[in-house]
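The following exercises treat one protein structure, each with a worked solution. Please study the sequence and the model before reading the solutions.

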Amino acid sequence: MAVSSIQMLGGLRPPRVSLIAQARVPFTSSGSVEYALGPLTEGFVASRISMSRIRATVGEDGMRADDDSMHNNVDDNHVRKQPERDFSGTPYVPVYVMLPLGVIDMNCELVDQEGLRNQLTILKSVNVDGVMVDCWWGIVERHTPQVYNWSGYKRLFQIVRELGLKIQVVMSFHECGGNVGDDVHIPLPQWVREIAESNPDIYFTDREGKRNSECLTWGIDKERVLKGRTAVEVYFDYMRSFRVEFDEFFVDGIISEIEVGLGPCGELRYPSYPAKHGWRYPGIGEFQCYDKYLMKSLSRAAEVRGHTFWARGPDNAGSYNSMPHDTGFFRDGGDYDSYYGRFFLNWYSQVLVDHGDRVLALANLAFEETSIPAKLSGIHWWYKTASHAAELTAGFYNPANRDGYAPIAAMLKKHGAAMNFTCVELRTLDQNEDFPEALADPEGLVWQVLNAAWDASILVASENALACYDREGYNKILENAKPRNDPDGRHLSVFTYLRLGPTLMERDNFLEFERFVKRMHGEAVSDLQS
């Protein structure tokens, strides 16, 4: 879900090692803990950076400016010299930490149990609220339909419970390994891949016919092509198995929420910008609707509209790395705003909303009375153009003359689901300096999406896009987590830090993280910069 200054695609590869941090308890009165760094051992992968998040910057007050001062000719050094805000007495925002991707291996066994316990002990010592873990479909239901192996997760959850932490669980129905930073490869279940050998249309497909095996196309949500089951039935059976297997952790309140994967990287979007198909930032991406099931849906929609010749994807939308102004579809005044363009984009975005609607309805059946957030990616490049091309190919019908996030927020509201938005800590200034041609505006996107969610009266959670260890980055997260001068006192419901690993556990980095946790919890710190 993310990328670095968009040099992004080439060089971000996290260490293939796991830190064994050795805690020395009892904890000190200050709430911190002494710790030493033990040997680095194979097993955990420190971080994954998915393709949906790109580094950028916003203004220090965490609010969208009423003028253009935050978007044009701003002295970055001036921004960084602003006094730190005192967050003591502000609302308590829980802080969770994502566990390494490789914490459970392909045999569903817990990797480096003692090393993990030591790391979690240190996190607990600074009052981290809990951890997030992916429960991978490709591991649990690996070989045979409806035969589930939860053994490694069961042991992991027991350790977390013993340490007094809570767990955010992700139902990960996507592949791990197709994005920058993914040093772990977890494909979809073997039996699903065998089906795809004879029916590759179960995968999302681009205009040239290239398949994307990262997740299943939403076109088979209601098609019985998975050994007699539809895709949503497969997801429901998996979720129901988890609910039964881990009942004691629900009853004890150890599991605080279940985030249900809704697409690539677990996010509610089309896989429109896959690196494995050659996409590079800031390309607009491509529409992913050319499997036979989605094309049949498009044909039905065109027939209902009375224009059967509209049963096609745009033929002038460019390719993965095109710029909007180089295409007939996305350029200013382009076909995206024609009668056909509006029809197509309405259909394309509605398929996304309908998929979320179906899966979340079943998730609520499986996980009654449990918080269920859904993750949205922050696609902020080309936001300053009229068409918002990168958002359109990802399924967010959000051109300058339309609010594409309000329908999604309304769907989440229907199911009582929170929105986990992946880009609230990003800035515009750095992005404009490094990639001015991208016309990116994460700041504007954040303002729009958070207000769409809050206007629908749903909770908003977030996580950082990139590894963050410095005070400036933490301050930006804090400003967006608790907007200054909001008359309604709105704030994030929870923040999840990406990700537990050796660099975070280095002494200086961890002390800075401890300070950040205190401020997220509304506690005072003694060293505010004036």
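**Exercise 1. Identify the residues that touch the most other members of the largest nonpolar core.**

Step 1. A nonpolar core is a set of buried Ala, Val, Leu, Ile, Met, Phe, Trp, Tyr and Cys residues joined through side-chain atoms within 4.5 Å. Buried means under 20% relative accessible area, exposed over 50%, and partly exposed in between (1.4 Å probe, protein chains only).

Step 2. The largest such core has 157 residues, of which Y153, F157, L216, F242 and F513 touch the most other members. Helix α10 (residues 339-366) supplies the largest share of this core, 13 residues.

Step 3. Consider F157 in detail. Leaving aside residues up to four places away in sequence, F157 touches V133, C135, I167, V169, F242, F246, F249 and I255; a contact means heavy atoms within 4.5 Å.

A note on the source: this is a predicted model, in which local features need pLDDT of at least 70 and side-chain atom pairs count only at pLDDT 80 or more, while totals for chains, interfaces and linings use all residues. Residues are numbered from 1 along each chain as its sequence is written, and side-chain values use heavy atoms, with hydrogens and water left out.

**Exercise 2. Describe helix α7 and list its buried residues.**

Step 1. Helices (H or I, at least four residues) and strands (E, at least two) are DSSP runs, numbered from the N terminus. The protein chain has 16 helices and 12 strands.

Step 2. Helix α7 covers residues 231-245, 15 residues in total, and reaches 21 Å from its first C-alpha to its last. This is close to the 21 Å expected at 1.5 Å a residue, where the expected span is 1.5 Å times one less than the number of residues.

Step 3. The buried residues of α7 are A231, V232, V234, Y235, F236, D237, Y238, M239, S241 and F242. In the protein chain as a whole, buried residues make up 64% of the 530 residues.

**Exercise 3. Which residues are linked with D527 in a network of salt bridges?**

Step 1. A salt bridge is a side-chain nitrogen of Lys or Arg within 4 Å of a carboxyl oxygen of Asp or Glu. The structure holds 30 salt bridges.

Step 2. R471 forms a salt bridge with D527, the closest N and O atoms being 3.4 Å apart. This pair links distant parts of the chain, 56 residues apart: R471 is in helix α15 (residues 471-481) and D527 in the segment after α16 (507-520).

Step 3. D527 also meets R515 in a salt bridge, at 2.8 Å from N to O. R515 lies in helix α16 and D527 in the segment after α16, so this pair ties together parts that are 12 residues apart in sequence. R515 counts as buried at 8% relative accessibility, whereas D527 is partly exposed at 36%.

Step 4. The network links E84, R471, E512, R515, R519 and D527.

**Exercise 4. How many disulfides does a search of the whole structure find?**

Step 1. A disulfide is a covalent bond between the sulfur atoms of two cysteines. The criterion is a pair of cysteine sulfur atoms within 2.5 Å.

Step 2. The search finds 0 disulfides. For C108, the nearest cysteine sulfur, that of C135, is 8.1 Å away.

Step 3. The sulfur of C176 is 8.8 Å from the closest cysteine sulfur, in C265, and is therefore too far for a bond. C108 counts as buried at 1% relative accessibility, and C176 is buried with a relative accessible area of 0%.
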